Amino acid sequence: TEDILRGIFEKELKTPQPEKVFYLTRVSPLQFPDYQKFKHIVLIGTLDGKGKFSNYIKSILDESKINGVREGKYFYFIRKDEFAFGQLMLILVANEIEELKEKLLKRKGFIFNQFDNSINRSVINSMFGMMENKKLEDKLFKTYGWTLRMQPDYIIAKEDKEGKFVWLRRFNPDRMISVHWVDSKDGKELTEDWAVEKRAYIGKKYLDGMKIVEGYTKVERVNFLGRDAIKVEGLWEIERKIIGGFFRSYAFFDKKTKRIYFIDTAVFAPGRVKEPFIRQLDIIAHTFS
């Protein structure tokens, strides 16, 4: 199942130096005690398996759960705080290997989200658990009718009321989030091409001449806060400064305000792992209201 599991967890982020969301480490039964305190653990086995992990899984499941696996009712079990506080352990088990592979492929989104959501909960707590920039949040809402949850050291780097654009920024490393909106009767002009062109327009006009690097852009339709949305992500560059980084944008139509909102996030963190900062920005984007 290794290739399937790596496909589920090791999703690639096309940052200037490609990164992965998770990195899998395969552990032998003899090594397992050394890893029991890790925050995220996947145990995988089969009922017909004779290996130590399969036997271990069978030993920690009661008879009703084992019968449920045999009958096809159960495939996964979630254990929290099993060996350490804040730990998430996911047990994946089927009758035999081919059934296990099939179920892994069918539930790959669910499996990934268990751990992705676990990290998000921890990051949200660390981002907003102690301090929050309420003053900036209130200003955005009173001025523009929308807001985002903001950490204390974010500032308004640029705003254009007539152009309906606000650029928020935090330094060391440089994390950027901007909101642009256009009035629309029904949102029908919102297409994938429109979203890409809008990102190029915003970058050129407001973001110091940021350009989209061709050949690295990914566009897909997603659910964003309960709304149909278009997500655009890829690499940006400013040629005259010889700098670049990763960006991710969401575009969606809001029926109540009759606006198309375009929320863009970007990171410039040379020499540093970028996934944690990309995650922070994505969390902020998803606090939009």
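The axes of helix α6 (residues 108-128) and helix α9 (residues 275-285) come within 10 Å of each other and cross at roughly 80°. Axes here are lines fitted to C-alpha atoms, for helices over the stretch in contact, with angles from 0 to 180 degrees between N-to-C directions. The two helices are therefore roughly perpendicular, a term for angles of 65 to 115 degrees, where under 35 counts as roughly parallel, over 145 as roughly antiparallel and the rest as oblique. This is a predicted model, in which local features need pLDDT of at least 70 and side-chain atom pairs count only at pLDDT 80 or more, while totals for chains, interfaces and linings use all residues. Residues are numbered from 1 along each chain as its sequence is written, and side-chain values use heavy atoms, with hydrogens and water left out.

**The α6 and α9 contact**

- On the α6 side, the contact is made by Asp116, Ile119, Asn120, Val123, Ile124, Met127 and Phe128, where contact means heavy atoms within 4.5 Å.
- On the α9 side, Arg279, Gln280, Ile283 and Ile284 take part.
- The residues of this contact divide into seven nonpolar, two polar and two charged; Ala, Val, Leu, Ile, Met, Phe, Trp, Tyr, Cys and Pro count as nonpolar, Asp, Glu, Lys and Arg as charged, and the others, Gly among them, as polar.

**The chain as a whole**

- The chain has nine helices and 13 strands, which are DSSP runs numbered from the N terminus (helices are H or I with at least four residues, strands are E with at least two).
- Its C-alpha atoms fill a box of roughly 70 × 40 × 35 Å, taken along the principal axes.
- Of the 289 residues, 48% count as buried, meaning under 20% relative accessible area, against over 50% for exposed and partly exposed in between (1.4 Å probe, protein chains only).
- Among contacts in the chain with a separation of 6 or more, 54% come from residues 24 or more positions apart.

**The three-stranded sheet**

- An open sheet of three strands has the order β3-β5-β4 and mixed pairing; two strands pair if DSSP finds at least two bridges between them.
- β3 (40-46) and β4 (76-80) stand at the edges with a single partner strand each, so one side of each has no neighbour in the sheet.
- From one strand to the next, the twist averages 15°.
- Seven bridges join β3 to β5 (residues 88-94) in the parallel sense, and Leu43 has Ile91 of β5 as its bridge partner.
- Helix α3 (residues 52-60) lies across β3, β4 and β5 and runs at about 100° to β3.

**The β11, β12 and β13 strands**

- Strand β11 (residues 227-238) pairs with β12 in the antiparallel sense over 10 bridges, and Ala251 of β12 is the bridge partner of Ile230.
- Strand β13 (residues 259-268) also runs antiparallel to β12, joined by nine bridges, with Ala266 of β13 as the bridge partner of Phe247.
- The hairpin of β11 and β12 has four residues between the strands, and Ile242 takes a positive phi near 55° there.
- The hairpin of β12 and β13 has four residues between the strands, with Lys258 at a positive phi near 50°.
- In β12 (residues 243-254), 10 of the 12 residues are buried, so the strand is largely enclosed by the rest of the structure.

**Nonpolar cores**

- The largest nonpolar core holds 50 residues, of which Trp146, Leu148, Leu168 and Ile177 touch the most other members; such a core is a set of buried Ala, Val, Leu, Ile, Met, Phe, Trp, Tyr and Cys residues joined through side-chain atoms within 4.5 Å.
- Its largest share, seven residues, comes from α6.
- A second, separate core of 22 residues includes Trp236, Phe247, Ala251 and Ile260.
- Residues touched by Leu148 include Leu168, Ile177 and Ile284, not counting residues up to four places away in sequence.

- Arg175, in strand β8 (residues 174-183), counts as buried at 4% relative accessibility.
- Beyond four places away in sequence, Arg175 touches residues including Tyr154, Ala266, Phe277 and Gln280.
- Leu5, in helix α1 (residues 2-9), is buried with a relative accessible area of 12%.
- Leu5 touches Glu10, Leu24, Ile44 and Leu104, not counting residues up to four places away in sequence.
- Leu5 and Leu105 are 100 residues apart in sequence and 9.0 Å apart in space, C-alpha to C-alpha.
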